[in-house]
Amino acid sequence: MTPQDAAAAPEAPVAEDPIKAQNAQVLALLTRLFGEGTFTDVHEPYGLLTATTTRERIHDIIAGLQQDQELKFHFLTTMCGINYPENPGKELGMIYHLHSMTKNIRLRLKIFFPLADPVVPTLTDLYNTANWMEREAYDFFGVIFTGHPNLIRILNVEDMDYHPMRKQYPVEDGTREDKTDLFFGR
């Protein structure tokens with residue numbers, strides 16, 4: 001083949017990214033199941049479909065995803081609390097990672113709410129694994145899960161009157177004199 005022939009030949013079609021295609025299908029199905037305005041801030045960091053919704057809708061959405069026969073999100077991989085004190089009215093949040101083992105689809109859902117009202121519905125009626133993960137979010141961030149069967153601290157002592165993972169607390173004790181920062185690159 002001469003260079004002229006190669007230049008005249010039609011370009012081979014570029015294969016579509018299968019993860020992007022799958023995410024587009026899942027997003028279309030989510031929109032069909034739960035409505036057009038249900039999800040905001042939809043993006044795909046590292047190929048993981050991520051969407052934000054509201055705490056008022058989160059339980060119904062996750063229950064629907066678990067029961068949906070097409071998606072089959074039967075596994076709650078993880079859920080964790082987050083704290084963004086610089087976002088007024090949305091200082092606290094929860095992140096939910098769902099996994100469909102049969103379809104090999106992963107989905108991350110986020111909700112945000114004010115620090116003054118850290119109440120979220122429990123998922124313990126949907127996933128047994130939510131029990132300990134919700135207790136951890138309560139313990140470290142102060143998120144209160146309505147309907148949780150045993151919402152007590154799981155890792156910290158019961159008489160703690162604060163939630164240590166909130167960013168209002170320093171990462172380290174500034175009064176410590178027993179370690180030299182020289183060895184820690186600071």
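**The ring and its strand**

Author: Phe 112 has a relative accessibility of 23%, so it counts as partly exposed (buried is under 20% relative accessible area, exposed is over 50%, and partly exposed lies in between, using a 1.4 Å probe and protein chains only). Please keep in mind that this is a predicted model, where local features need pLDDT of at least 70 and side-chain atom pairs count only at pLDDT 80 or more, while totals for chains, interfaces and linings use all residues. Residues are numbered from 1 along each chain as its sequence is written, and side-chain values use heavy atoms, with hydrogens and water left out.

Let's start with the rings. There are 2 aromatic pairs in the structure (rings of Phe, Tyr and Trp, the last by its six-membered ring, pair if their centres lie within 6.5 Å; planes under 30 degrees apart are stacked, over 60 edge-to-face, and the rest tilted). One of them joins Phe 34 and Phe 39 edge-to-face, with 6.2 Å from centre to centre and 80 degrees between the planes. Phe 34 and Phe 39 are both buried.

Your ring belongs to the pair of Tyr 84 and Phe 112, which is tilted, with centres 6.3 Å apart and planes at 45 degrees. This pair links distant parts of the chain, 28 residues apart: Tyr 84 sits in the loop between strands E3 (75-83) and E4 (92-100), and Phe 112 in strand E5 (residues 105-113). Here helices (H or I, at least four residues) and strands (E, at least two) are DSSP runs, numbered from the N terminus. Like Phe 112, Tyr 84 is partly exposed, with a relative accessible area of 31%.

In E5, 7 of the 9 residues are buried, so the strand is largely enclosed by the rest of the structure. Strand E2 (residues 49-52) runs parallel to E5, and 4 bridges join them (two strands pair if DSSP finds at least two bridges between them). Leu 49 has Leu 107 of E5 as its bridge partner. With E4, E5 pairs in the antiparallel sense over 9 bridges. Phe 112 itself is the bridge partner of Gly 93, and His 99 stands opposite Arg 106.

E4 and E5 form a hairpin with 4 residues between them. In that turn, Asn 104 has a positive phi of about 55 degrees, and at 51% relative accessibility it counts as exposed. For context, most residues other than glycine have a negative phi. Asp 41, in strand E1 (residues 40-43), also shows a positive phi, near 50 degrees.

Stepping back to the sheet, its 5 strands form an open arrangement in the order E1-E2-E5-E4-E3, with mixed pairing. E1 and E3 are the edge strands, each pairing on one side only. Neighbouring strands are turned by 15 degrees against each other on average, direction ignored (axes are lines fitted to C-alpha atoms, for helices over the stretch in contact, and angles run from 0 to 180 degrees between N-to-C directions).

Helix H2 (residues 18-34) packs on this sheet, touching E1, E2 and E5, and its direction makes about 30 degrees with that of E2; contact means heavy atoms within 4.5 Å. Helix H3 (residues 55-67) lies across E4 and E5 and runs at about 165 degrees to E5.
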